[in-house]
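Hi,

Here is the structure I said I would pass on.

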Amino acid sequence: MSEALQLPIVDLSSPDCISTANAIRQACMDHGFFYLVNHEVEEELLKEVFEQSSKFFSLPVEEKMKLAKKNHRGYTAPYAEKLDTSLNTKGDSKESFYIGPLADNLNQWPLEEDLPSWRSTMETYHKKVLCAGTRLISLIALALKLDEDFFEKVGALNEPLAFSRMLHYPGDLDSSSEEIYGASAHSDYGMITLLVTDGVPGLQVCREKSKKPQVWEDVPSMNGAFIVNIGDMMERWTNCLFRSTLHRVLPPGQERYSVAFFINPNKDCIVECLESCCSESCPPRFLPIRCLDYLEERLRLTYGS
């Protein structure tokens with residue numbers, strides 16, 4: 001049995017921005033994960049998102065495959081993805097559905113007659129979580145001793161590449177000798193991820209990725225809170241001051257639903273070490289890189305294409 005992790009709680013509605021920023025700084029240095037409360041995404045909307053997600057994943061496979069992933073939007077079938085590329089397994093057991101930036105008309109949607117109000121629910125959710133995430137990013141800037149509009153000024157939040165991802169982990173897996181994960185060990189690629197789950201356990205984090213053997217700790221879900229984690233691009237920006245923590249989802253033994261919201265910078269944004277995060281004794285560890293180039297390379301490795 002792994003230990004349950006006690007994550008810090010960040011209140012997005014707190015009027016004391018400096019204390020909140022300091023709490024975020026500590027959480028991102030220690031864990032790379034924290035809970036976010038009072039984010040103004042209503043409980044009713046969250047409930048509706050999970051109901052609509054369940055309806056989609058309950059459709060026959062051939063119906064879901066009509067919306068198979070194109071332009072990183074749409075449906076991915078079980079075992080299509082292997083997040084931990086070092087594993088010799090057939091892939092991760094989850095199935096998912098991606099929704100990208102709403103303005104670029106590349107999203108795929110189930111037919112209105114099959115799933116009425118599916119699109120409108122998901123679009124509302126996308127807008128609300130992006131709004132909460134943008135507010136959180138201004139606090140992260142303060143946490144890094146930068147102006148709160150720093151990430152706007154460098155163009156990261158001008159048409160950010162924001163993706164919602166509905167996830168369904170099946171409860172009944174083929175029992176085989178092969179070790180199968182709901183989602184194998186990985187770190188997220190972007191700036192930040194805001195995750196909400198249906199309360200079924202399974203999420204684990206490994207705070208020291210290079211330590212052997214790896215120590216995995218359970219992350220319990222907290223009612224009404226997002227579980228937020230730092231992604232690799234933010235780790236690059238901060239020269240590893242903020243950690244992009246390795247995490248995975250174990251097969252829960254029962255059906256599990258979650259929704260991850262990934263905020264990536266604008267595609268042309270250059271991610272390079274922040275001045276506040278490097279010095280003579282701690283020079284930049286990573287070369288500057290354009291956001292889209294980095295994302296495309298990471299996705300190529302994950303999907304083996």
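This is a predicted model: local features need pLDDT of at least 70, side-chain atom pairs count only at pLDDT 80 or more; totals for chains, interfaces and linings use all residues.

On the overall build: the protein has seven helices and 14 strands. Its C-alpha atoms fill a box of roughly 55 × 45 × 35 Å along the principal axes. The radius of gyration is 19 Å, which agrees with a compact globule, because a chain of 305 residues folded that way would come out near 19 Å. Of those 305 residues, 52% count as buried. As for contacts between residues at least 6 apart in sequence, 80% of them join residues at least 24 apart.

Charges next. I get 31 positive and 45 negative side chains, with the centres of the two sets 4 Å apart.

One residue I looked at on its own is Glu-235. It sits in helix H6, which covers residues 232–237. Is Glu-235 buried or exposed? Its relative accessibility is 11%, and buried means under 20%, so Glu-235 counts as buried. If you leave aside the neighbours within four places in sequence, Glu-235 is in contact with Lys-209, Ile-230, Cys-240, Phe-242, Arg-243, Ser-244 and Phe-286. That list has charged partners in it, including Lys-209 and Arg-243, which count as positive.

Cheers

How values were computed
Residues are numbered from 1 along each chain as its sequence is written. Side-chain values use heavy atoms; hydrogens and water are left out. Helices (H or I, at least four residues) and strands (E, at least two) are DSSP runs, numbered from the N terminus. The radius of gyration is taken over C-alpha atoms; the globule rule is 2.2 Å times the number of residues to the power 0.38. Buried means under 20% relative accessible area, exposed over 50%, partly exposed in between (1.4 Å probe, protein chains only). Contact means heavy atoms within 4.5 Å. The place of a charge is taken as NZ of Lys, CZ of Arg, CG of Asp or CD of Glu.
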